[in-house]
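This report is written for a reader meeting the structure shown below, and begins with the chain as a whole before turning to a part of its surface.

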Amino acid sequence: MFERIVTQPDNYEPFLLSQGIKFGNLLFISGQAGAADDGKIVDGGFRAQGEQAFANLRRALEAGGSRLEDVVKVTIFVTDMGHFDDVVALRRKYFTAPYPADTIAEIKALYDPAAMIEIEAIAAVRDSEGR
């Protein structure tokens, strides 16, 4: 019934988290931050972290049989709403119409003090005929 989604490397394993869970034709992806494969937050500021977070989201979605085009709901957490325009630019780059339902929220902190953005998503998983 539940299928755990794992990518390599799996930086979530030490924290007893799943990168994603597939349930039926829905895929629930845990928050993806701007961390590189070594688990460390990338240098370069908010946009660099956002690009990495979307790359991590794409990888987790594909591991679960989905893709960015199939995201139906996304939640984007930022530590500074002053980056709102950057978030919109990232959404414009990685999502297409019809755009997913979205919540953007400013929070005090993420799991790593250097992290400025984290993205979680719910996506459809298409069958072999693309439905």
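Among contacts in the protein chain between residues at least 6 apart in sequence, what percentage join residues at least 24 apart? With contact meaning heavy atoms within 4.5 Å, the share is 66%. The model is a predicted one, in which local features need pLDDT of at least 70 and side-chain atom pairs count only at pLDDT 80 or more, while totals for chains, interfaces and linings use all residues. Residues are numbered from 1 along each chain as its sequence is written, and side-chain values use heavy atoms, with hydrogens and water left out.

The protein chain holds two helices and six strands, where helices (H or I, at least four residues) and strands (E, at least two) are DSSP runs numbered from the N terminus. Starting at the N terminus, the elements follow the order β-β-β-α-β-α-β-β.

| Property of the protein chain | Value |
|---|---|
| Accessible surface | about 7300 Å² |

Of that accessible surface, computed by the Shrake-Rupley method with a 1.4 Å probe, 54% belongs to carbon and sulfur atoms. Buried residues, those under 20% relative accessible area (1.4 Å probe, protein chains only), make up 37% of the 131 residues.

Strand β2, residues 20-23, includes Phe-23. Because its relative accessibility is 36%, Phe-23 counts as partly exposed, a class that lies between the buried limit of 20% and the exposed limit of 50%.
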